[in-house]
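Hello,

Here is the structure I promised to pass on to you. Have a look at it first, and my notes follow below.

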Amino acid sequence: MSSKDEKNLTQVIDKISKMDEPRRSVMRRVHDIIVAAAPTLKPRIWYGMPAYAESASTPALVTLRNDERLNLAITEKAAFRAAGGGDGELMPAAWYFEIVDEDTEKRIAEIVRSVID
């Protein structure tokens, strides 16, 4: 890991560590899921929020937000695919969550892997 990547990772961990509980623990868990599901993505701060990109100099593909609700989002820089089925040509891009159970963990990993496949 380059020193820039290490600095960026430290900034993401610091950002998460400043969140109030129980959100801090939930966001830390989601961060861990993201880096395990897509170890090639590099954590960094993007527009003030934890984000994950292919490199320190490329646009973020996935972001985490700590607003009124916790949010996992795919940025417009990721390759989108139409959902199909009942959602037709809609392209899912954001998911809200409050806790991370086993099913949510699996889905987050799938979503994150979809941006790098």
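**The pocket and the sheet**

The lining of the largest pocket has nine nonpolar, one polar and three charged residues (Ala, Val, Leu, Ile, Met, Phe, Trp, Tyr, Cys and Pro count as nonpolar, Asp, Glu, Lys and Arg as charged, and the others, Gly among them, as polar). Please keep in mind that this is a predicted model, where local features need pLDDT of at least 70, side-chain atom pairs count only at pLDDT 80 or more, and totals for chains, interfaces and linings use all residues. Residues are numbered from 1 along each chain as its sequence is written, and side-chain values use heavy atoms, with hydrogens and water left out.

A pocket here is an open set of points on a 1 Å grid over the protein atoms alone, where a 1.4 Å probe fits, with protein on both sides within 12 Å along at least five of seven lines; lining residues have an atom within 4 Å of a point. Of the 13 lining residues, Ile74, Arg81, Pro92, Trp95 and Ser114 lie nearest the centre of the largest pocket. H3 gives the largest share of this lining, four residues.

Now the sheet: five strands form an open sheet in the order S1-S2-S3-S4-S5, with antiparallel pairing. Strands (E, at least two residues) and helices (H or I, at least four) are DSSP runs, numbered from the N terminus, and two strands pair if DSSP finds at least two bridges between them. S3 (residues 60-66) and S4 (residues 70-74) pair over five bridges, and Arg65 stands opposite Asn71 in S4.

Enjoy exploring!
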